[in-house]
Amino acid sequence: MQLYNKLSAKERTELIESAGKERLTLSFYQYAKIGNPQILRDHLFLTWNALDVLGRIYVATEGINAQLSLPADRFNAFKTHLDSIAFLKDIRLNIAVEQDNLSFLKLKVKVRDKIVADGLEDNTFDVTNKGVHVAAETFNALIEDEKTVLVDMRNHYESEIGHFKNAITPDVDTFRESLDIIEDDLKAHKEDRNLVMYCTGGIRCEKASAYFKHKGFKNVYQLEGGIIEYTRQVNENSLENKFIGKNFVFDDRRAEKISDDVIANCHQCGTPCDTHVNCANDACHLLFIQCEACKTELDNCCSTGCKEIKALPFEAQKALRKGQGNSNDIFKKGRADHLSYKKDLRNIFETLKNK
C-alpha cells in the first residue's frame, strides 16, 4: 500500500502538463483535538492521492494545517471528503489569489508535534480561546482607530515584500520570537488598546490571539482568513485595499501580487524588486530577493562563489556536496552576510541603534 509520494518533481511536472487540466491552489487549517494523528495522516494520504491532490499537510494532536492544489474538476469530491470528517465539515477554504498549476509538485502529509512551529512550552493556555475574528470591512475600520495597534505576525522575509499600511512588522526569523517582542512592547496597553493581528491565512494569528489573551490582553482581534481571504473580500465587495505589495506564500509561486506597489529591494544591488528566488547552487539554496539584472550577471546565484560552483559539471558539484549538510545560509532567508545591500542596511541599523 502506497503511503508516500513516489514521483520526482520533474516527473510530476510532466504529468501535470500532459494532463492539460486546470488546478486549484488552496489552504485551510483547523485546531482540534486529534487522538491518533498517524491514523488520520494515512487516511488523508490514501484519499487525497487518489484525487491527485498535491501539497504540504501537517497533522498533529492539536489539529491540521494544509496547503495544497488539486484538479479543479475534483474540487467537489475533495470538499465532500472534508465534510465527512466531523471537525472539517464546512471549514473555510482560502482559495489562492493567483493560480498556478505547478504550485505544488508532491503530496506530503506529515505528522508533527504542532501544526505551527511556535516554540512554545506553555501548555496552560487554551488555543480555542481565541481573539475576535473580523472580516475585511470591519478590519479596515478597526485599523483606522487610534486605539488600535496593528501587528504583522509573519517573519521578516514575508513582510519585506508586502504588509498593511502602518503595521508593526517585527524583524524576526520565527513566529516564536514575535510573541515575546509584542508582549514586551505592548505590556503597558493590555487593557486600553486594540491588539489587531494578521498573517497569511490566519493560522498563526489563531494561536497568537489565544496566547495574548492568556497573557492578559483584553481586546484581541485577528483578520479572518488572513491576507488571502482579505484580498478576496476586497475584490468581491469593492473595498479599499489597505495592503501594499505582495503576499508571500509557501509554495513554488513564492508570492501573490495584492497591489502594484514594489516596496522591497534587490538584496544584491538595491534596485526596487520584490521577487524571491532560491540560489541555483543546490549546496546553498538561499532564499533571497534578486532583480533581473543580477539574475543574469550571477546566473541565478546569490554570490560569485555559488556561480562558480554552478558552472562546474554536475558530478563535480555532487562531489563537493558529498558528506556535507545543508549550508546554514538556507535558513537565513535573505540575511546572509554576502548579500551586499542587506548587509549595508544592517550596518546602518546597528550604527543608529548604538548612538
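Colleague: How many salt bridges does the structure hold?

Modeller: Bear in mind that this is a predicted model, where local features need pLDDT of at least 70, side-chain atom pairs count only at pLDDT 80 or more, and totals for chains, interfaces and linings use all residues. Numbering starts from 1 along each chain as its sequence is written, and side-chain values use heavy atoms, with hydrogens and water left out. A salt bridge here is a side-chain nitrogen of Lys or Arg within 4 Å of a carboxyl oxygen of Asp or Glu, and the count comes to 25.

Colleague: Take Glu 224 and Arg 92, whose side chains meet in a salt bridge. How many residues apart are they?

Modeller: Their N to O distance is 2.3 Å. Glu 224 sits in the loop between strand E10 (220-223) and helix H8 (226-237), while Arg 92 is in the loop between helix H3 (75-83) and strand E4 (94-95). Helices (H or I, at least four residues) and strands (E, at least two) are DSSP runs, numbered from the N terminus. This pair links distant parts of the chain, and the separation is 132 residues.

Colleague: What about Asp 118 and Lys 207, where does Lys 207 lie?

Modeller: Those side chains meet in a salt bridge at 2.6 Å, N to O. Asp 118 is in the loop between strand E5 (107-111) and strand E6 (132-134), 89 residues from Lys 207. Asp 118 counts as buried at 2% relative accessibility, and Lys 207 is buried at 2% too. As for its place in the chain, Lys 207 belongs to helix H7.

Colleague: Which residues does the network with Glu 62 join to it?

Modeller: First, a quick look at another pair: Lys 242 and Glu 240 meet in a salt bridge at 3.4 Å, N to O. There, Lys 242 is buried at 9%, whereas Glu 240 is partly exposed at 49%. The network comes from salt bridges that share partners, and along with Glu 62 it takes in Lys 114, Asp 118 and Lys 207.

Colleague: How many of the residues of H7 are buried?

Modeller: Helix H7 (203-214) has end C-alpha atoms 17 Å apart, which agrees with the 16 Å its 12 residues should span; the expected span is 1.5 Å times one less than the number of residues. Among its buried residues are Ile 203, Cys 205, Lys 207 and Phe 212. H7 is largely enclosed by the rest of the structure, because the buried count out of 12 is 10.

Colleague: Over what arc do the buried residues of H6 fall?

Modeller: In H6 (residues 175-186), the buried ones are Phe 175, Ser 178, Leu 179, Ile 182, Glu 183 and Leu 186. An α-helix has 3.6 residues a turn, so residues three or four places apart point the same way. The arc is that of the directions from the helix axis to the C-beta atoms. Seen down the axis, the buried residues of H6 line one face of the helix, because they fall within 125°.

Colleague: Which element gives the largest share of the lining of the largest cavity?

Modeller: On a 1 Å grid over the protein atoms alone, a cavity is a set of points where a 1.4 Å probe fits but cannot get out, and lining residues have an atom within 4 Å of a point. Points are joined across faces, edges and corners, and a volume is the space filled by probe spheres set on them; that gives 1 cavity of 30 Å³ or more, and the largest cavity holds about 40 Å³. Its lining includes Val 151, Ile 168, Ile 182 and Leu 186. The largest share, 4 residues, comes from H6.

Colleague: What separates the C-alpha atoms of Ile 161 and His 276?

Modeller: Ile 161 lies in the loop between helix H5 (156-159) and strand E8 (162-164), and it counts as buried at 0% relative accessibility. Leaving out residues up to four places away in sequence, Ile 161 touches (heavy atoms within 4.5 Å) residues including Ile 244, Phe 248, Ala 264 and His 276. Ile 161 and His 276 are 115 residues apart along the chain, and their C-alpha separation is 8.9 Å.

Methods: Buried means under 20% relative accessible area, exposed over 50%, partly exposed in between (1.4 Å probe, protein chains only). On a 1 Å grid over the protein atoms alone, a cavity is a set of points where a 1.4 Å probe fits but cannot get out, and a pocket is an open set with protein on both sides within 12 Å along at least five of seven lines; lining residues have an atom within 4 Å of a point.
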